[in-house]
Protein chains: 2
Amino acid sequence: MSSRHATAPARPVDDHRRRIEDALRPLAGRVAETVPIAAALGRRLAVDVSAPLDLPVFRNSAMDGYAVAAESVAIVPATLPLAGVVAAGNTEGLVLPPGAAVKVMTGAPVPPGADCVVPVEHTESDGVTVTIRTSRATGDFVREPGTDVRAGQLLAAAGTLLRPRHIAALAAVGLGELSVTRRVRAAVLTTGDELRPAGAVLLPGQIFNSNGIALAAALSDNGVEVVSVAHSTDEHAEFRLRLAEAVAQADVVFTSGGVSMGDFEVVKEVLAAQGGEFGSVALQPGGPQGLSTVDGVPVLSFPGNPVSTMVSFEVFARPILRELAGLPALPITELPLLQAVRSPAGKRQFLRGKLTEGGVALVSGQGSHLIAAMAHADVLIDIPAAVTEVPAGTIVEVRPL
Amino acid sequence: MSSRHATAPARPVDDHRRRIEDALRPLAGRVAETVPIAAALGRRLAVDVSAPLDLPVFRNSAMDGYAVAAESVAIVPATLPLAGVVAAGNTEGLVLPPGAAVKVMTGAPVPPGADCVVPVEHTESDGVTVTIRTSRATGDFVREPGTDVRAGQLLAAAGTLLRPRHIAALAAVGLGELSVTRRVRAAVLTTGDELRPAGAVLLPGQIFNSNGIALAAALSDNGVEVVSVAHSTDEHAEFRLRLAEAVAQADVVFTSGGVSMGDFEVVKEVLAAQGGEFGSVALQPGGPQGLSTVDGVPVLSFPGNPVSTMVSFEVFARPILRELAGLPALPITELPLLQAVRSPAGKRQFLRGKLTEGGVALVSGQGSHLIAAMAHADVLIDIPAAVTEVPAGTIVEVRPL
């Protein structure tokens with residue numbers, strides 16, 4: 001057996017990103033789902049919602065007070081016989097006799113025959129009559145049906161990001177369920193014989209699996225529903241099984257590890273045999289990348305170094321996932337870089353940086369395995385592929401982590 | 001029976017807000033809770049977290065390649081006997097014989113005796129020997145233990161808002177659970193005989209209950225865990241029962257309705273008898289307000305008109321709840337008001353507004369029952385109590401909804 005490793009030309013970062021975006025964009029046409037209104041906060045309406053009824057539903061009082069005909073209180077003080085009390089929720093349909101008053105609570109129906117309400121503060125009552133001290137005009141403190149919204153009127157348009165105020169309005173017209181855009185469903189599948197779950201006792205050569213938990217967090221943080229987080233050893237049979245499980249339940253699958261140039265690259269070996277494309281992207285960290293389609297489901301294969309995995313997510317997946325979730329695009333800002341850096345020729349480099357007064361500083365520790373160092377970063381600094389020397393003070397593009 | 005309603009002087013908005021904040025601020029001392037790391041995104045660490053082990057855990061290879069002694073490849077090309085293969089996850093503890101090479105995968109232990117790794121791209125192998133084409137210095141492509149973080153070093157400080165990058169680092173050191181600040185637990189209790197749940201057939205005089213769902217959404221949106229949403233009729237016995245249930249499970253209870261000047265004000269009647277304070281706050285909408293303590297649990301009582309409920313939440317509860325959740329304070333900005341408005345003397349008014357180019361416009365429909373109109377607003381416009389006339393173009397304070 002003889003092997004010789006030629007260096008194939010690396011694909012530009014934006015080319016690979018566009019291929020991934022093309023693979024994922026059809027998910028924009030995913031169907032809506034119906035959720036209880038209590039679970040709809042932060043989701044987007046899938047359809048226009050019109051009011052199924054008028055608001056207010058019926059003519060009601062804006063105040064605790066006395067419903068009268070305005071003409072009965074044209075001259076004040078006026079003492080009127082009390083013809084009854086209407087509480088909110090009273091469903092009995094009292095009618096106001098001419099020249100009388102009916103006590104009404106806020107929100108209670110204003111009885112036919114009354115055309116205004118006198119607030120209780122401007123009255124005195126002995127329980128049999130009420131003395132009204134201020135005149136009122138027709139319509140005062142009476143809420144007419146449909147003055148907030150009319151049945152059939154648009155209440156909230158398709159695409160509305162549901163905030164508490166929308167939830168309030170939609171609940172007020174009695175909607176118990178809402179049709180919202182279904183979240184993109186993702187499965188995460190990590191690989192590597194060396195990875196062990198939290199709580200395990202590590203043998204020599206083993207490390208804890210952080211990529212599964214970290215990718216799941218990053219996906220959730222960008223509006224994606226994570227339907228499974230699984231792990232496979234480097235055995236082909238096990239990876240095939242876990243991959244089939246992931247593909248069966250998700251719109252998109254993310255794998256980590258097994259894509260490089262070693263002897264045990266299970267992801268690349270299994271997926272390339274099914275038509276997946278694997279190769280080098282001109283990116284640091286995160287050069288080895290794969291993109292496949294299994295049973296119509298896009299499978300994005302990131303390298304396994306933890307920083308490479310997270311940078312791959314940020315660069316290739318996060319923009320399109322936010323677009324699909326209807327979240328705002330991440331702002332790209334320009335800031336002076338506070339230190340000089342070198343960058344390898346022909347690779348676009350994403351350095352981990354920290355915003356400070358006056359610009360952006362590198363966090364110490366830029367290796368693709370330095371995941372603890374990355375926790376101190378709040379931005380990625382984008383160094384173009386053609387650039388090899390960046391003097392201190394150079395204006396660089398940064399994107400938030 | 002004779003009744004006369006005197007108008008008591010209304011309490012200033014900021015006074016009432018401070019009383020509520022004083023009642024809720026002791027919740028800042030609530031205990032931490034332990035959550036699985038997979039559920040910790042967006043929570044705040046309750047304690048400093050130090051690394052329980054070194055990262056990297058052991059000396060390992062940064063590349064797929066050949067582990068050698070640098071002196072063996074000082075003169076190239078050099079053909080060395082292959083002494084074995086170490087995959088990532090290999091736990092067998094191979095030692096490099098002098099003058100030989102061991103094939104290593106990325107992340108695999110670098111065997112004792114080797115001090116650098118030659119990337120596979122710069123080699124050729126027949127499976128028995130390997131020919132190395134580039135020299136390497138001691139340390140090249142070798143990751144030393146503890147170079148990312150050392151055991152005992154601070155990994156993330158108490159108070160850190162956990163983003164995916166922190167989750168990644170904490171998972172990498174094998175932490176399966178994290179101690180995070182417990183969320184404030186709130187119960188919502190709406191009242192009113194006229195309120196019916198979604199899906200009900202409304203009788204005359206009845207309306208749908210929107211306050212429970214809307215308050216729950218507003219609470220969730222501000223970092224609060226909603227432990228129950230219940231409804232009571234205006235019967236004292238039922239309200240007492242539902243209140244006791246709410247108090248038993250929550251840090252703070254929010255009620256809506258039953259606080260005004262009507263004949264059936266269950267919230268005011270029951271809670272005032274237990275020492276709660278009820279009265280008028282110089283606020284529009286949302287004048288009638290109550291604040292009580294039941295079994296040590298603060299109970300905030302908002303009026304029942306849907307817009308009054310939501311404005312009460314925004315003005316009195318949202319700032320302190322965000323502070324308790326560790327969320328950033330809401331920005332208050334100054335913008336020109338595009339229309340002239342009048343405002344009642346002695347009442348601080350919060351108008352519903354919409355940001356537009358050039359300033360802030362009123363949404364049409366400012367009554368305290370116009371909940372559909374409020375869905376079109378994205379800010380509250382704060383008109384001070386002393387102001388009665390606001391000419392168009394006046395600079396006003398606005399806060400986001």
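**Reading domains, aromatic pairs and salt bridges**

Reader: Into which domains is chain A divided by the domain assignment?

Author: The domain assignment of chain A gives domain 1 (32-55 + 147-181), domain 2 (60-143), domain 3 (183-325) and domain 4 (333-400), the bounds coming from an automatic or database domain assignment. Please keep in mind that this is a predicted model, in which local features need pLDDT of at least 70 and side-chain atom pairs count only at pLDDT 80 or more, while totals for chains, interfaces and linings use all residues. Residues are numbered from 1 along each chain as its sequence is written, chains are lettered from A and ligands numbered from 1 in the order in which they are written, and side-chain values use heavy atoms, with hydrogens and water left out.

Reader: How far apart do the C-alpha centres of domain 2 and domain 4 of chain A lie?

Author: Those two centres, of domain 2 and domain 4 of chain A, are 72 Å apart.

Reader: Which feature does UniProt place at residues 187-323 of chain A?

Author: The UniProt record, an unreviewed entry, places "domain: MoaB/Mog" there; UniProt positions are given in the numbering used here, feature names are shortened, and annotations may be inferred rather than shown by experiment. In the model, residues 187-323 of chain A are 36% helix and 30% strand, and the end C-alpha atoms of the span lie 19 Å apart. Helices (H or I, at least four residues) and strands (E, at least two) are DSSP runs, numbered from the N terminus.

Reader: How many aromatic pairs are there over all chains?

Author: Rings of Phe, Tyr and Trp (its six-membered ring) pair if their centres lie within 6.5 Å, and planes under 30 degrees apart count as stacked, over 60 as edge-to-face and the rest as tilted. By this rule there are four aromatic pairs over all chains. In one of them, Phe254(A) and Phe302(A) are tilted, at 5.8 Å centre to centre with 55° between the planes. Phe254(A) lies in strand β18 (residues 252-256) of chain A and Phe302(A) in strand β22 (residues 297-302) of chain A, so the pair ties together parts that are 48 residues apart in sequence.

Reader: Is Phe254(A) buried or exposed?

Author: Buried means under 20% relative accessible area, exposed over 50%, and partly exposed in between (1.4 Å probe, protein chains only). Phe254(A), at 0% relative accessibility, therefore counts as buried, and Phe302(A) is buried as well, with a relative accessible area of 0%. Phe254(A) also forms a tilted pair with Phe313(A), at 6.5 Å centre to centre and 55° between the planes. Because Phe313(A) lies in helix α6 (residues 306-325) of chain A and Phe254(A) in strand β18, this pair ties together parts that are 59 residues apart in sequence. Phe254(A), Phe302(A) and Phe313(A) form one aromatic cluster.

Reader: Which residues are linked with Asp14(A) in a network of salt bridges?

Author: The network links Asp14(A) with Arg17(A), Glu21(A), Asp22(A), Arg25(A), Glu323(A), Arg348(A) and Asp382(A). Within it, Arg17(A) and Asp14(A) form a salt bridge of 3.1 Å, N to O.

Note on methods: Salt bridge = Lys/Arg side-chain N within 4 Å of Asp/Glu carboxyl O.
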